[in-house]
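Please look over the sequence and the model, and then go through the sections in order.

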Amino acid sequence: MQTSLIKKLSPTEARERAQLNIIKKIAILGDWLRDGIPLERDSKGRILCDDTGCQILVYAPNSLRSFNTWTKQLYSDETQIRLAYLTSIHRNGTDTLNKYPFLKDQAVSLIQDLGRILKQHRYGSDRTTPTAELEIKSLRLFIQNQNKKIIQFHKENINLSRSVSTIEMREKSRFDELKLNYMNLDKQNIQLREKISLLTKQLNNIYSLRDVNNES
């Protein structure tokens, strides 16, 4: 059924669908960098752990190759039901991603930042580090990633603004959309910095309590 549907798509529609699929994948990785990679759970909602007692995270791509082959088939039925947004992602070709350098750069940056979080988790640093501290690290990486996007948006805005008087209305609409994205990202970063400040205060309280306990 899906194959016959794809054959009916025009080249433009197929290209737009492929691009949307990549954008969806990037959006998911961005959410995971901000909120944390979801934990694997059984059919009763209980968190799954490995033989060492470490909580198991759902699959996340760790390279461009795995990003391209990332599909819902990599998840259990329970995970697909719980994280329904994963059912909308499909395999994309390497050549397809290469056609969109801006999106490719975002994917690379997110994969690298998530890789740092995964490495900490795998080596058990989360067992000795307060949750608030890990959340701060994740949020800081997310803000860095957002700042990279802001710079990219800014560069593209400059290029568009130089020719805005001669481009078509479609490009003018794109310019306005990029400007709005720029403003939204900046606002979101301010909110995240406030959250980091709050978490830092919580960490200070945790360390203060540790010192008191150690002295007693």
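## Confidence in the model

The mean pLDDT of the chain, that is, the predictor's confidence in each residue on a scale from 0 to 100, is 78, and 69% of its residues reach 70 or more. This is a predicted model, in which local features need pLDDT of at least 70 and side-chain atom pairs count only at pLDDT 80 or more, while totals for chains, interfaces and linings use all residues. Residues are numbered from 1 along each chain as its sequence is written, and side-chain values use heavy atoms, with hydrogens and water left out.

Helices are DSSP runs of H or I with at least four residues, strands are runs of E with at least two, and both are numbered from the N terminus. Confidence is lowest in helix H1 (residues 2-8), where the mean is 52, and highest in H3, where it is 96. Over residues 1-6 pLDDT stays under 50, and the model has 2 contacts (heavy atoms within 4.5 Å) beyond four places in sequence for them; over residues 125-130 it also stays under 50, with 13 such contacts. Where pLDDT is low, the predicted coordinates should not be read in detail.

## An aromatic cluster

Rings of Phe, Tyr and Trp (its six-membered ring) pair if their centres lie within 6.5 Å, and planes under 30 degrees apart count as stacked, over 60 as edge-to-face and the rest as tilted. By this rule there are 3 aromatic pairs. The ring centres of Trp32 and Trp70 are 6.0 Å apart with their planes at 55 degrees, so this pair is tilted. It links distant parts of the chain, since Trp32 belongs to helix H2 (residues 11-35) and Trp70, 38 residues away, to the loop between helix H3 (64-68) and helix H4 (77-82).

Phe67 and Trp70 form another tilted pair, at 6.3 Å centre to centre and 50 degrees between the planes, and Trp32, Phe67 and Trp70 make up one aromatic cluster. Trp32 counts as buried (under 20% relative accessible area, against over 50% for exposed and partly exposed in between, with a 1.4 Å probe and protein chains only) at 3%, and Trp70 is buried at 0%. Phe67 is buried as well.

## Thr71 in the loop

Thr71 lies in the loop between H3 and H4, and is buried with a relative accessible area of 10%. Leaving aside neighbours within four places in sequence, Thr71 is in contact with Ile89, His90 and Arg91.
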